[in-house]
Amino acid sequence: MHILALYICAMKYDFREIELNAKVKWQEQEAYAVKEDPTKPPFYVLDMFPYPSGAGLHVGHPLGYIASDILARYKVMMGYSVLHPMGFDAFGLPAEQYAIQTNRHPEETTRENIERYRQQLELLGLGYDWNRSVTTSDSDYYKWTQWIFLQLFNHCYHSKIQKPVPIEKVSEYFEQCGTKDAPFFGNPHEEFTPKEWLAFSKEKQSDVLMHYRMAYQADAWVNWCEALGTVLANDEVKDGFSERGGHPVERKRLKQWFLRISAYADRLLLDLEELNWSAAMKEMQSNWIGKSEGASLAFKVANSDLMLEVFTTRPDTLFGVSFMVLAPEIAMLPELVKPGFEQALDYAKQASNRSERERQAGSEQVTGAFTGSYAVHPISGKELPIWVGDYVLAGYGTGAVMAVPAHDARDFKFAKAFDLPIVPVVEIPEGESLPYESKDGEIMNSEFLNGFQVKEAISAMLAHLEEKKLGYRTVNYRLRDANFSRQRYWGEPFPIVYTKGIATGVPEQCLPVELPHMDDFKPTGRPESPLNKAKEWTNLPHGIRETDTMPGFAGSSWYFLRYMDPKNQNQFASGSALSYWKQVDVYIGGTEHAVGHLLYARFWHKFLYDLGYLPVNEPFKRLVNQGMILGRSNLVYRETATGRFVSAGLVPSSKKGFQSLHVDVNAVQDDALLPEQVLAIFPDARPHLLVLEDGVLKCGVEIEKMSKSKFNVVNPDAIVEDYGADTLRMYEMFLGPIEQSKPWNTQGIEGVNKFLRRVWRHCISEEGHCILDSGHAEPAALKSLHTLLKRLHQDIESMSMNTCISAFMICLNELLDQNCKSIDVFRPFSLALSPFAPFIAESLWEKMGGVGLACKQEFPKVEEKYLIEENFIYPVSFNGKKRFEISLPLSLGVSEIEQEVLSIAETKKWMEGQTLRKVIVVPGRIVNIVLG
RNA sequence: GCCCGGGUGGUGGAAUCGGUAGACACGCAGGACUUAAAAUCCUGUGGGCAGUGAUGUCCGUGCGGGUUCAAGUCCCGCCCCGGGUACCA
């Protein structure tokens with residue numbers, strides 16, 4: 001009996017056998033090998049590659065991978081040569097931290113994690129060509145990351161021709177013209193003549209040139225984290241604490257590498273326009289770049305030769321300036337502070353030493369100090385007190401502000417705090433109060449600007465300033481150069497050697513500079529890289545190596561190019577591969593990379609394009625944002641006072657007096673735990689401490705990010721084990737639109753599993769044979785099939801995979817109702833299913849006598865002739881309310897339809913006692929009769 | 001605070017250009033098969049009211065207005081949820 005049951009079961013839809021069978025075939029026939037086939041058009045589908053963490057892949061990761069796999073498989077079947085690769089973003093702080101915690105080497109843990117990820121990805125039937133995989137921590141790969149860095153190091157951005165030029169061009173220019181009108185992007189510290197330049201020492205010259213390189217060094221305030229022993233990027237710091245670990249972060253000044261992304265700010269903004277990205281995504285980037293147009297103008301310091309330069313977007317409010325404020329870090333401060341006002345210097349020192357955290361915490365409080373100096377208003381000649389305040393940022397604009405308290409909220413707060421004058425210069429409308437920041441209104445108290453509207457006044461003032469040579473139009477960007485140094489072990493080493501203090505690039509033929517293996521890679525406790533401990537590596541006969549390593553975004557800024565030609569030993573990718581694939585057609589990933597990765601990748605791409613290595617100037621033509629799959633956490637509630645575990649139904653909704661504890665969702669069934677489970681999970685729980693409902697402890701539910709720490713991670717492996725990969729693939733797509741975030745919930749998974757079982761059972765006998773016949777297909781069946789195909793062609797392109805799945809279900813329901821057994825219908829049906837459920841499709845194809853691989857066949861075409869309708873069922877509405885339906889030939893015109901409808905008894909019944917006002921007929925859509 | 005998204009049955013969601021709201025699926029209820037269970041199949045399923053019943057009827061896409069023959073869809077005001085961002089002069 002038991003054996004018989006097993007036997008029958010085996011003949012049914014057995015996903016294990018089906019998956020194994022397909023995998024073997026794909027492997028034997030190298031189904032996923034990607035070639036540059038000149039006879040086929042190229043198509044490049046890219047997933048954001050994962051960071052292989054120790055937790056493994058959870059069900060949220062594959063959402064995008066499955067969608068892109070469906071698109072890629074569909075494109076293969078449509079005759080494209082498709083590049084759909086996968087790799088690993090393996091360098092970075094989390095791996096290093098994990099390694100330190102577990103006391104193992106990151107090399108080892110990273111290798112293991114990658115292996116685990118790869119196995120999990122392979123389970124899902126994703127059609128990657130693993131021969132093209134890249135791992136950013138492989139020296140074969142980071143050799144080229146270093147190579148690109150050297151290009152940046154060796155170039156300077158020329159502001160006139162808007163292109164990088166070799167750094168030698170800069171020294172040539174200095175030899176001839178000095179710094180006069182130098183058309184180079186840089187952060188110059190001084191001006192000099194050609195003569196002076198030639199008189200500089202080698203060290204001095206190299207120091208000056210450093211300020212012009214696209215990869216340059218500069219002293220900078222950095223986020224030093226004592227506990228992690230490393231410097232963190234701004235986005236790794238949240239409210240003064242490290243995002244990982246939550247350790248306090250303070251500010252320290254260090255020599256750092258920077259990438260001059262600011263040189264590309266304008267192009268990065270402008271070129272957004274042509275991209276097929278969501279409006280939200282473009283907006284995020286554009287806000288991040290933060291272009292603002294305004295005026296730069298100089299204020300003389302009274303009784304001094306000093307000038308204060310400020311940037312303003314509101315030159316129209318110039319007559320409303322009542323004081324000046326400088327950033328605490330500004331260099332000329334000591335010269336401005338008058339005797340008796342020395343506390344301003346103390347304040348500045350204190351403010352610039354204060355950590356981000358302290359500045360943040362004290363943000364409610366306005367702080368500042370008077371320098372004792374005055375600036376002279378460039379038009380009115382009035383004297384304006386010069387203050388220092390930490391609300392002014394040294395890194396933006398000139399680090400100095402002309403304060404217009406009446407029309408700027410920050411200036412207003414400052415003026416109130418220190419009792420400074422407030423002069424309104426824009427008329428304030430009824431109901432509004434100071435500060436009035438809107439650009440609507442009429443100018444007043446402003447001499448020649450009085451009576452102008454704000455917008456007119458801005459251009460009038462700009463013209464006036466330029467005419468009188470008091471200032472000039474200028475543009476400022478929020479975007480700052482990217483800090484490219486990390487004091488960490490687990491990252492790409494810089495190909496830089498210091499010889500007599502001069503930073504020199506390692507020659508190309510000496511790349512890669514391999515990361516030395518170190519058993520002790522823990523932070524040194526000083527603000528420096530652990531690599532400083534590897535003396536045999538750092539000390540060279542001719543100099544000392546740079547010991548900082550590159551940040552996480554180094555490897556991910558160009559990986560999509562390496563996939564095109566991953567094994568190339570001579571170039572990062574060959575010209576032929578680059579010109580064949582050109583750019584990523586569709587890039588799928590989460591919004592969390594909106595401004596980091598995506599901006600840096602665009603910057604590197606443009607740089608390489610400018611140097612002539614790439615055929616196009618943007619990397620990602622179309623971007624699809626996948627929503628996050630959220631975790632559904634289970635919580636148990638513990639009464640703080642008594643230590644009792646109380647069933648969720650008995651806990652007040654405010655949860656007051658209760659502690660919420662996460663429990664592993666994989667242990668919980670139907671949001672409830674059995675008493676013995678509670679005792680097992682919480683060692684200090686005792687039977688008398690359990691307050692149950694219906695014999696169980698009911699758990700609370702919360703929707704939050706899936707993470708190990710919240711015990712709500714669901715791995716795909718378990719789902720594949722229970723239902724098979726095809727079911728998981730289709731279910732993840734069936735959940736809803738790809739862009740939407742939603743909690744993971746397996747409630748509906750039976751539906752898609754049932755669909756696959758029904759397809760199988762309908763086509764394949766219990767003995768495992770195809771039971772379809774080759775008789776003619778009925779028109780109704782062909783209509784169902786081609787309706788499906790039409791839907792698929794539309795919806796796959798637009799990545800609406802959820803509606804594709806329901807279209808499959810509708811089609812199957814219809815075919816089963818029609819009792820269709822035609823192989824001519826189910827063969828194309830199976831092929832169409834192949835991108836979505838590749839395993840079952842492969843088996844069906846084989847059993848139906850198909851030759852070759854299903855996933856390599858041509859995708860079935862839509863034949864419109866099967867879709868032609870003769871009649872349409874018109875809904876007939878009265879005053880917009882549908883009352884009945886009538887079937888009429890589609891060939892009828894407007895007046896014929898009207899006649900037909902008005903002539904039938906049903907219509908007369910509804911019109912009884914009312915006058916006909918109007919009849920609206922939309923052929924093929926609706927009839928609406930207006931009565932009154 | 002500002003800038004984007006989004007609010008549709010018990011649940012996930014569908015609805016091309018303003019044209020039959022709730023496709024498809026889950027869940028639930030009832031039934032068939034079975035000693036029983038599982039699996040499978042069939043029927044019903046937005047809500048209220050009336051009727052034994054077929055059916056009829058009113059209400060219904062976060063809330064309040066508006067445009068229109070017709071609004072989930074367009075316009076105005078508001079509420080709630082999610083994401084981004086925050087001294088950027």
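Glu122 and Arg118 meet through their side chains in a salt bridge, 3.5 Å from N to O (a salt bridge being a side-chain nitrogen of Lys or Arg within 4 Å of a carboxyl oxygen of Asp or Glu). The two are 4 residues apart in helix H5, so about one helical turn separates them (helices, H or I with at least four residues, and strands, E with at least two, are DSSP runs numbered from the N terminus). Glu122 is partly exposed at 35% relative accessible area, and Arg118 counts as partly exposed at 29% (buried is under 20%, exposed over 50%, partly exposed in between, with a 1.4 Å probe and protein chains only).

A word on what you're looking at: this is a predicted model, where local features need pLDDT of at least 70, side-chain atom pairs count only at pLDDT 80 or more, and totals for chains, interfaces and linings use all residues. Residues are numbered from 1 along each chain as its sequence is written, chains are lettered from A and ligands numbered from 1 in the order written, and side-chain values use heavy atoms, leaving out hydrogens and water.

Now for Arg132, which pairs with Glu36 in a salt bridge whose closest N and O atoms are 3.9 Å apart. Arg132 sits in the loop between helix H5 (106–123) and helix H6 (139–153), and Glu36 in the loop between helix H2 (15–28) and strand E1 (42–47), so this pair ties together parts 96 residues apart in sequence. Arg132 is buried at 9%, while Glu36 is partly exposed at 33%.

Lys180 and Asp181 form another salt bridge, 3.5 Å from N to O. Lys180 is exposed at 59%, and Asp181 is exposed at 59%.

Further along, Asp271, Arg602, Lys606 and Glu618 are linked in a network of salt bridges.
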